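Me: I'd like to walk through this model with you, one question at a time. Could you take a look at it and help me read it?

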Amino acid sequence: MRVRRFIERPRVFALLLIAPALIFFFVWNIIPVLTLIGVSFYNYSMVTGMPPRYIGLGNYEDIVYSFRLWESFGRTLSWVVVTVGIETVLGIAIGILFWGSVRLPGRRLALTLLFTPMLMTPLAAGIFFRLMYEPSIGIINYVTRWAGLGTFSFLSDRSLAFAAVVFVDVWMWTPFMVLITLAALGSVPKAELEAAEVDRLPWWRRLVTVVLPHAKFILMIGILLRTIESFKTMDLVFNMTGGGPGTTTELVALTLWRRAFEAFNLGWSSALAFILLLMAIAFTSIFLFVLNLRRRQQEREASA
Amino acid sequence: MNGSRRLQQSAYHLGLWLVAIIFFLPIFWVVLNAFKSRRDILAVPPQLAFTPTLDNFRDLFARETFAPYMTASVTMSVAAVLIAIAVAFLASYSFSRFKPRGTDFLMFLLLSVRMVPAAAVVIPIYMMYNLVGWREDWLGMTLFYAMFSIPFSVWILKGFIDGVSERYDETALVNGGSRFHVVFKVILPQVKPGLVASFIFNLIFVWNDFLFSFMLGGRTTSMIPVLLSTGLYADGGVDWPFISALTGIYVLPPVIVVFLFQRFLLVGMTFGTVRGEV
């Protein structure tokens, strides 16, 4: 009985419920991050068999001066801007197209087909597009030949490989922005839309003055999530191009993987991983800031 | 509705279906290839008309690697997500009702773990697992995936529990119910949609994971995506019949799940930060 009363105390009970999550968090997050920070100060390679040697900030210095890494960061930046940009524009356009589709026959099946690309294993998508991009037997080259454009070796041509990978990412993730756009449009109050209709506003004024103010937060959340995911891209290129030709499709996540598990340079990689962790925390802060803005706006609307 | 409006609407609907089909086309091509013989897959020009064959699937099921990888995929993803949801449900109830100090900060940290590139997460875990001997171990892998599924589950479930009025808790407590009674008998039934959403979303994520499985799992504990990567080449070329059949089979479960539970997709894909009808 005394045990029960002890457990029933709010503080004890609250802690009891969080305990399993905290254990997970401690074992799989806190300890690894501390390990990561620790190892990042060492010259630690698993290939040489030498014991780790303390080198202070040596790894970080090396990262700052690593031209190849900066190149990879730059490439990742343009990757994020290009993919997220195209996906957003295309996704919003298709989303608006699907807005009035409530009476579409077989709507559920149509949406499932549309959303399927993002359910595919990214690695498998990468592998399969390799077949489709193949110069001699690939279906995409068959189409370009049929259209009289000639044959392209998309994945081994330095000037085409990046665009070819962008295309696959756009195919995979535009549906996500469609999903977000549909949700954003769904959050626009019906009454205001009807009022705009009564006022006979032209469609673009309706979009700017009625739809956008309500839809913008959900859209922003979607864009931020895509930005973060796009920054992490690696599975997709892993078997499709392997970062090549040369390093033209080597994104920073792949660079990190290579240094860690092909070169087994764990000290250097830990330092880079820690830097990426800090960047992720920054991204998350921005994400939460937008989320809070939205919550505040909703509260204001509720009280108004 | 008069004739021209109806025609207009039909054209509109046709256009929508066309967009959906265009996005589905590459996957359709995968599935089609799975039923082709090696010669037909590699044929120039690509074959639309061909004699369908089940040989690729027969071949696939006969491989001794297929069964263990598939078993690992199914058991690990389901077990990991179930563990994660149990842990996350308890924690999010506590976060939502008792709001212990540091709740916001902890929620923030949980989320940022999921924002880090996978390779950065796997490096310290790899070293740690090497040390403890959890690499190539079913439990080690499953617990890792559980940890990875907890953050989004907490985010999704806390949103749902926040949406249940605290009056329910108070009423049950006043009527002499224990706190456990409140959690499991009063709140749990009301957040079922949240449970389903977090289950589906995390399942899809774990199901499709490649990197962690590749680095941490061994021969018996790796999932199908690893098999796709390691079985890519055979006899000096890419083994397309094998890849096609395997990809075709592997994409099926998520598609069926999303077809059946479409309204949960939005909640899942945005970790519960966006809710609404699609």
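Reply: Happy to! Contact here means heavy atoms within 4.5 Å. Please keep in mind that this is a predicted model.

Me: How many residues of chain A are in contact with chain B?

Reply: A residue counts once its heavy atoms come within 4.5 Å of the partner. On the side of chain B, 96 residues take part, and on the side of chain A the number is 102.

Me: What area is buried between chain A and chain B?

Reply: The size of an interface is often given as the accessible area lost when the parts come together. Carbon and sulfur atoms give 80% of the area buried between these two chains. A:Leu17, A:Trp28 and A:Leu119 supply 9% of what chain A buries against chain B, more than any other three residues. The total buried between chain A and chain B is about 9000 Å².

Me: Which helix gives the largest share of the side of chain A that touches chain B?

Reply: Between the two chains there are zero salt bridges, while 15 residue pairs are in polar contact, both residues at pLDDT 80 or more. The largest share of chain A's side is 19 residues, and the element that brings them is helix 2 (residues 10-39) of chain A.

Me: Is A:Glu87 buried or exposed?

Reply: A:Glu87 lies in helix 4 (residues 67-97) of chain A. Leaving aside residues up to four places away in sequence, A:Glu87 touches A:Ile92, A:Asp169, A:Val170, A:Trp173, A:Thr174, A:Met177 and A:Arg226. The cut-off for this class is under 20% relative accessible area. Because A:Glu87 has 0% relative accessibility, A:Glu87 counts as buried.

Me: Which helix gives the most to the nonpolar patch?

Reply: The patch is on the surface and is formed by A:Leu109, B:Leu252, B:Ile256, B:Phe259, B:Leu260 and B:Phe261, with about 520 Å² of accessible area together. B:Phe259 has a relative accessible area of 30%, so B:Phe259 is partly exposed, and its place is in helix 13 of chain B. With four residues, the element that gives the most is helix 13 (residues 240-260) of chain B.

Me: What percentage of the residues in chain B are buried?

Reply: Chain B has 14 helices and two strands, and its C-alpha trace spans about 75 × 75 × 30 Å along the principal axes. Among contacts in chain B between residues at least 6 apart in sequence, 71% join residues at least 24 apart. Of the 278 residues in chain B, the buried ones make up 58%.

Technical notes:
Residues are numbered from 1 along each chain as its sequence is written. Chains are lettered from A and ligands numbered from 1 in the order in which they are written. This is a predicted model: local features need pLDDT of at least 70, side-chain atom pairs count only at pLDDT 80 or more; totals for chains, interfaces and linings use all residues. Side-chain values use heavy atoms; hydrogens and water are left out. Patches are made of residues with over 30% relative accessible area and no salt bridge: like charges are joined within 9 Å, nonpolar side chains (Val, Leu, Ile, Met, Phe, Trp, Tyr) within 5 Å. Accessible areas come from the Shrake-Rupley method with a 1.4 Å probe; for residues, only the protein chains shown count as cover. A salt bridge is a side-chain nitrogen of Lys or Arg within 4 Å of a carboxyl oxygen of Asp or Glu. Buried means under 20% relative accessible area, exposed over 50%, partly exposed in between (1.4 Å probe, protein chains only). Buried area is the accessible area (1.4 Å probe) that two parts lose on being put together, summed over both. A polar contact is a pair of N or O atoms within 3.5 Å; within protein, one must be able to donate a hydrogen and the other to accept it, and residues adjacent in sequence count only if both atoms are side-chain atoms.
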